[in-house]
Amino acid sequence: MRELVRRLDGTSSVLASAIHGYGNEPLARRPGPTDWSPTEIICHLRDVDELFQIRFHTILALDDPRILVLGADPEDLASWGIGGRVHHPLDPSVWAEDRQYRRSDPGEALTAFRRRRNEIVALLSGLAAGQWERGGIHLRRGRLTLGQWVESLAAHDDNHVDQLRRALEGRP
């Protein structure tokens, strides 16, 4: 698990290196009309860290809690009061609009991401071996250990770092 935590710890430096030397305008440029700009990607990563930090604390505090996820079945969402006129609270498109990703300063977004990520790394670095086996119920995939949730955050990082690099090259 230490290697996984190191991976998470390195993401902010990878992002900083990737955008180094770019001004706000090129970082705000979208490679296509519906594709996210590098700034929007950094904002998304920042906000996903907020979500995962809450998930991690919930898994540590409660025994096998159900964890709200995007893409859950309508029946599962109904038990959370989500459906009908209620937007899914984890919809990244809604976050991007409501949190005004396009108007954000990339440096400030990266600083906020780094701060949150440092908190996550500190939390995970302080866990005892048995705590990694605590679980949370993913509404589509079933019970996942804390370690598996952390793996999914690392994979999410990898996906969006690749997306950010493509966006910097003007590719979707």
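These legends describe close-up views of helix packing in a predicted model.

Residues are numbered from 1 along each chain as its sequence is written, and side-chain values use heavy atoms, with hydrogens and water left out. Local features need pLDDT of at least 70, side-chain atom pairs count only at pLDDT 80 or more, and totals for chains, interfaces and linings use all residues.

**View 1. Helix H1 (residues 2-19) against helix H7 (residues 146-168).** Helices (H or I, at least four residues) are DSSP runs, numbered from the N terminus. The axes of H1 and H7 come within 10 Å and cross at roughly 15°. Axes are lines fitted to C-alpha atoms, for helices over the stretch in contact, with angles from 0 to 180 degrees between N-to-C directions. H1 and H7 are therefore roughly parallel (angles under 35 degrees). The crossing is left-handed: the near helix is turned anticlockwise from the far one by less than a right angle. Contact means heavy atoms within 4.5 Å. On the H1 side, the contact residues include Leu4, Leu8, Thr11 and Leu15. H7 contributes, among them, Val150, Leu153, Asp157 and Val161. By class, this contact has 13 nonpolar, 2 polar and 5 charged residues. Ala, Val, Leu, Ile, Met, Phe, Trp, Tyr, Cys and Pro count as nonpolar, Asp, Glu, Lys and Arg as charged, and the others, Gly among them, as polar.

**View 2. Helix H6 (residues 106-125) and its buried residues.** The 20 residues of H6 should span 28 Å at 1.5 Å a residue (1.5 Å times one less than the number of residues). The end C-alpha atoms of H6 are 28 Å apart, which agrees. Buried residues (under 20% relative accessible area, 1.4 Å probe, protein chains only) include Ala109, Phe113, Arg117 and Ile120. The buried residues of H6 pack against H1, helix H2 (24-28), helix H3 (38-61) and H7.

**View 3. Helix H3 alongside H6.** The axes of H3 and H6 come within 9 Å and cross at roughly 25°. That makes H3 roughly parallel to H6. H3 passes H6 in a left-handed crossing. Residues of H3 in the contact include Ile42, Arg46, Gln53 and Phe56. From H6 come, among them, Leu110, Arg116, Glu119 and Leu123. The contact of H3 with H6 has 13 nonpolar, 3 polar and 6 charged residues.

**View 4. Aspartate 49 in helix H3.** Aspartate 49 is buried, with a relative accessible area of 0%. Not counting residues up to four places away in sequence, Aspartate 49 touches Phe113, Arg116, Arg117, Ile120 and Leu153.

How values were computed:
Helix = DSSP H or I, 4+ residues; strand = E, 2+ residues; numbered from the N terminus. Parallel < 35°, antiparallel > 145°, perpendicular 65-115°, else oblique. Buried < 20%, exposed > 50% of the residue type's maximum accessible area, 1.4 Å probe, protein only.
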